[in-house]
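Please look over the structure shown here before reading on. The notes after it are grouped by topic.

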Amino acid sequence: MFYKESLGQRTFNILNMVFLTMVTLLGILPFIHLLAVSLSSNSAAVAGKFFFLPVDFTTVSYQYLAENSEFFLALWVTIKRVVIGTAINMLLVVITAYPLSRENKNFRARTLYVWFFAITMFFGGGLIPTYMVVKDTGILDTIWALILPGALNVFYMVMLLNFFRNIPKDLEEAAIVDGAGHWTLLFKIFLPISLPSLATILLFTIVGHWNSWFDGILYMNRPENYPLQSYLSTLITSINVQAISVEDLSKLQEMGSKTLRTAQIFMGILPVLLVYPFLQKYFIKGITIGSVKE
């Protein structure tokens with residue numbers, strides 16, 4: 001006997017599919033429009049002659065960015081920041097969340113340390129004290145100024161802590177009976193089970209490092225030390241007309257500021273768009289499991 005949907009169920013499914021399709025388009029179409037602007041001529045962009053397809057197709061904006069050595073230098077700074085910063089962030093989050101996930105009987109000072117870290121989520125020293133700390137520690141104008149001030153994200157630590165506390169105690173007790181220590185518990189029991197939560201934190205951390213721009217402008221005195229987003233945010237305003245060749249000047253006149261800005265934005269978000277699909281399957285599961293304590 002086959003199950004037959006009622007009229008109300010079919011209507012609901014159709015409306016649900018239409019609604020989800022519209023939500024999907026709302027997320028995709030802005031990127032398509034952005035790409036269309038960056039591939040259109042300056043006159044078409046100013047006149048607004050297009051919507052999702054480029055008009056007077058041209059790649060001059062991307063050629064200008066690709067031929068600019070400063071762009072690739074800033075990209076290299078960002079890559080180093082993402083790799084080193086993400087590794088440090090993940091290490092500190094893991095080794096902090098594990099001991100704080102222990103029971104109070106096993107770690108008596110646990111509550112004190114949890115409050116110590118939690119306070120930093122609501123209260124901070126402010127911009128000027130933070131800058132003074134970075135300057136006095138001697139890491140100003142180095143890549144460490146982009147990494148160390150936010151090396152431990154307490155929110156991510158709390159999320160992973162709650163995930164650890166949801167792991168069945170039977171697994172931990174069985175491993176302890178077999179002679180496992182804390183390092184064995186962490187690397188062979190907790191971390192393999194916590195892949196969804198770890199992947200979610202990894203994604204957030206990568207996106208955070210990639211999109212960060214203000215700290216680069218704040219802590220870097222030389223433009224060659226700017227990460228990519230800081231470089232892109234200052235590219236238009238810092239153009240030195242006297243240092244531009246006749247060929248580059250003609251390109252700037254052809255593409256205009258609007259197409260160049262959209263090309264910068266698209267190049268800035270493209271790597272994240274490429275990484276996200278590989279981690280997306282862990283995303284929802286990591287948040288829902290790691291955000292609630294049973």
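Residues are numbered from 1 along each chain as its sequence is written, and side-chain values use heavy atoms, with hydrogens and water left out.

**Helix 8**

- Val158 lies in helix 8; helices (H or I, at least four residues) and strands (E, at least two) are DSSP runs, numbered from the N terminus.
- Helix 8 covers residues 154–165, and its 12 residues should span 16 Å at 1.5 Å a residue, which agrees with the 16 Å between its end C-alpha atoms. The expected span is 1.5 Å times one less than the number of residues.
- Among the buried residues of helix 8 are Val154, Tyr156, Met157, Phe163 and Arg165.
- At the start of helix 8, a side-chain oxygen of Asn153 comes to within 3.1 Å of the backbone nitrogen of Phe155.
- Between Val158 and Ala118 there are 8.5 Å in space, C-alpha to C-alpha, and 40 residues in sequence.

**The whole chain**

- The chain has 14 helices and 0 strands.
- Of its 294 residues, 37% count as buried.
- Among contacts (heavy atoms within 4.5 Å) with a separation of 6 or more, 72% are between residues 24 or more positions apart.
- The chain exposes about 17,800 Å², and carbon and sulfur atoms supply 69% of this area. Accessible areas come from the Shrake-Rupley method with a 1.4 Å probe; for residues, only the protein chains shown count as cover.

**Salt bridges**

- The structure holds 5 salt bridges, each a side-chain nitrogen of Lys or Arg within 4 Å of a carboxyl oxygen of Asp or Glu.
- Arg81 and Asp215 form a salt bridge, with the closest N and O atoms 2.6 Å apart. Arg81 belongs to helix 4 (residues 69–100) and Asp215 to helix 12 (residues 214–219), so this pair ties together parts 134 residues apart in sequence. Both Arg81 and Asp215 are buried.
- Lys169 pairs with Glu103 in a salt bridge whose closest N and O atoms are 3.5 Å apart. Lys169 is in helix 9 (residues 169–177) and Glu103 in the loop between helix 4 and helix 5 (110–122), so the pair ties together parts 66 residues apart in sequence. Lys169 counts as partly exposed at 30% relative accessibility, and Glu103 counts as partly exposed at 30%.
- Arg222 forms a salt bridge with Glu224, the closest N and O atoms being 3.9 Å apart. Salt bridges with shared partners join Asp141, Arg222 and Glu224 into one network.

**Confidence**

- The mean pLDDT (the predictor's confidence in each residue, from 0 to 100) of the chain is 81, and 83% of its residues reach 70 or more.
- Confidence is highest in helix 7 (residues 144–147), at a mean of 94, and lowest in helix 14 (residues 246–290), at 67.
- Over residues 290–294 the pLDDT is below 50, and this stretch has 10 contacts in the model beyond near neighbours in sequence.
- Where pLDDT is low, the predicted coordinates should not be read in detail.

Technical notes: This is a predicted model: local features need pLDDT of at least 70, side-chain atom pairs count only at pLDDT 80 or more; totals for chains, interfaces and linings use all residues. Buried means under 20% relative accessible area, exposed over 50%, partly exposed in between (1.4 Å probe, protein chains only). A polar contact is a pair of N or O atoms within 3.5 Å; within protein, one must be able to donate a hydrogen and the other to accept it, and residues adjacent in sequence count only if both atoms are side-chain atoms.
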